[in-house]
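Work through these exercises with the model on screen. Try each task before you read its solution.

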Protein chains: 2
Amino acid sequence: MWRGGEGVAQPRGLRMKDPPGAPGTTAGLGLRLAQAFFAAAALAVMASTNDFPSVSAFSYLVAAAILQCLWSLSLAFVDIYAILVKRSLRNAQAVCIFTIGDGITGTLTLGAACASAGITVLIGNDLNICAENHCASFETATAMAFISWFALAPSCILNFWSMASR
Amino acid sequence: MWRGGEGVAQPRGLRMKDPPGAPGTTAGLGLRLAQAFFAAAALAVMASTNDFPSVSAFSYLVAAAILQCLWSLSLAFVDIYAILVKRSLRNAQAVCIFTIGDGITGTLTLGAACASAGITVLIGNDLNICAENHCASFETATAMAFISWFALAPSCILNFWSMASR
């Protein structure tokens, strides 16, 4: 649904009423790219250690980061298309799908980041066995996953808000 | 803000327009009591083990469960008061405070549950050292924290929805 040209005096092709960060805006595209980048960074750092499959939480982080990266990249392409053709993405069904997907991937990413953080703190602070483990890599991957979730939260809240306020 | 008697033909004291589960309804009170009960159960089961302070994630679960229990009990008392005096809780500021509080406690509870789940799976499945640990207690406490979060999610979504749709 394109709402740019509803007013008489508005030039065709102008996108109106979209708050910064909503889908189809440059800020929204930036958020999506940040999510995908930090999820990919978490994935790469975690996968660069050779012993991550021995801990279930780290394997789960890799899986959640892959899902987060694919989801954010898909929506980034949708955003790029909407920006290129100067169309708004305030379609009710699209926003509903975006919100549910954001909620699911956000919960999974937060859960994976928290599980990895629990293990990392156990290894580093409680047991003090960092010498025989890749603590720095684990911590970096966990931090990247948290940053990806922090970039996802505004997208999810904005989508849910625009879904509820119509 | 009391909206029960706005219509001419409506009897005074009837609460209208509140969806089931919103604050001030019986279903909302049930959700709050379920959150508080399961958070208290997670706290009790985890605190009954003597070695939980040796793992940071388990200490964090205890702290998050205490916060969740206090928050849900406070809102349960508010709900009981609203039901007893037959008033609606659709006040904009109150709903905003409820939503932000639900969001914060929900994120903390989910994070604590996921961190504990990561450690529990590490102990039970990856390292197979359940014989020298209280695996059953850890698993029960983690499950109770997850159930408490599942009871919190509808409250948070309903509050956010009613905040955005006004």
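**Exercise 1. Find the handedness of the disulfide of Cys130(A) and Cys135(A).**

Solution. The torsion about the S-S bond of Cys130(A) and Cys135(A) is about -100°, so this disulfide is left-handed. Check the bond itself next. A disulfide is a pair of cysteine sulfur atoms within 2.5 Å. The sulfur atoms of Cys130(A) and Cys135(A) lie 2.0 Å apart, and they form a disulfide. In general, a disulfide is a covalent bond between the sulfur atoms of two cysteines.

Before going on, note the ground rules. This is a predicted model, in which local features need pLDDT of at least 70 and side-chain atom pairs count only at pLDDT 80 or more, while totals for chains, interfaces and linings use all residues. Residues are numbered from 1 along each chain as its sequence is written, chains are lettered from A and ligands numbered from 1 in the order in which they are written, and side-chain values use heavy atoms, with hydrogens and water left out.

**Exercise 2. Decide whether Cys130(A) and Cys135(A) are buried, partly exposed or exposed.**

Solution. Start with the cut-offs: buried means under 20% relative accessible area, exposed means over 50%, and partly exposed is in between (1.4 Å probe, protein chains only). Cys130(A) has a relative accessible area of 30%, so Cys130(A) is partly exposed. Cys135(A) has 7%, so Cys135(A) is buried.

**Exercise 3. Count the disulfides over all chains, then describe the one in chain B.**

Solution. A search of the whole structure finds two disulfides. In chain B, Cys130(B) and Cys135(B) form a disulfide, with their sulfur atoms 2.0 Å apart. The torsion about that S-S bond is -95°, and the link is left-handed. Now check the accessibility. Cys130(B) is at 30%, so Cys130(B) is partly exposed. Cys135(B) is at 6%, so Cys135(B) is buried.

**Exercise 4. Find the cysteine sulfur nearest to Cys69(A) and the one nearest to Cys114(A).**

Solution. For Cys69(A), the nearest cysteine sulfur is that of Cys156(A), 18 Å away, and Cys69(A) is in no disulfide. Cys69(A) has a relative accessible area of 13%, so Cys69(A) is buried. For Cys114(A), the nearest cysteine sulfur is that of Cys114(B), 5.8 Å away. Cys114(A) is in no disulfide either. Its relative accessible area is 9%, so Cys114(A) is buried.

**Exercise 5. Describe the interface of chain A and chain B.**

Solution. First, count residues. Contact means heavy atoms within 4.5 Å. The contact takes 21 residues from chain A and 21 residues from chain B.

Second, take the area. Buried area is the accessible area (1.4 Å probe) that two parts lose on being put together, summed over both. Between chain A and chain B it is about 1,700 Å², and carbon and sulfur atoms give 79% of that. In chain A, Phe160(A), Trp161(A) and Ala164(A) lose the most area to chain B, together 27% of what that side buries.

Third, find the elements. On the side of chain A that touches chain B, those giving two or more residues are α2, α3 (92-126) and α4 (135-164) of chain A. α3(A) gives the most, with 10 residues.

Conventions:
Helices (H or I, at least four residues) and strands (E, at least two) are DSSP runs, numbered from the N terminus.
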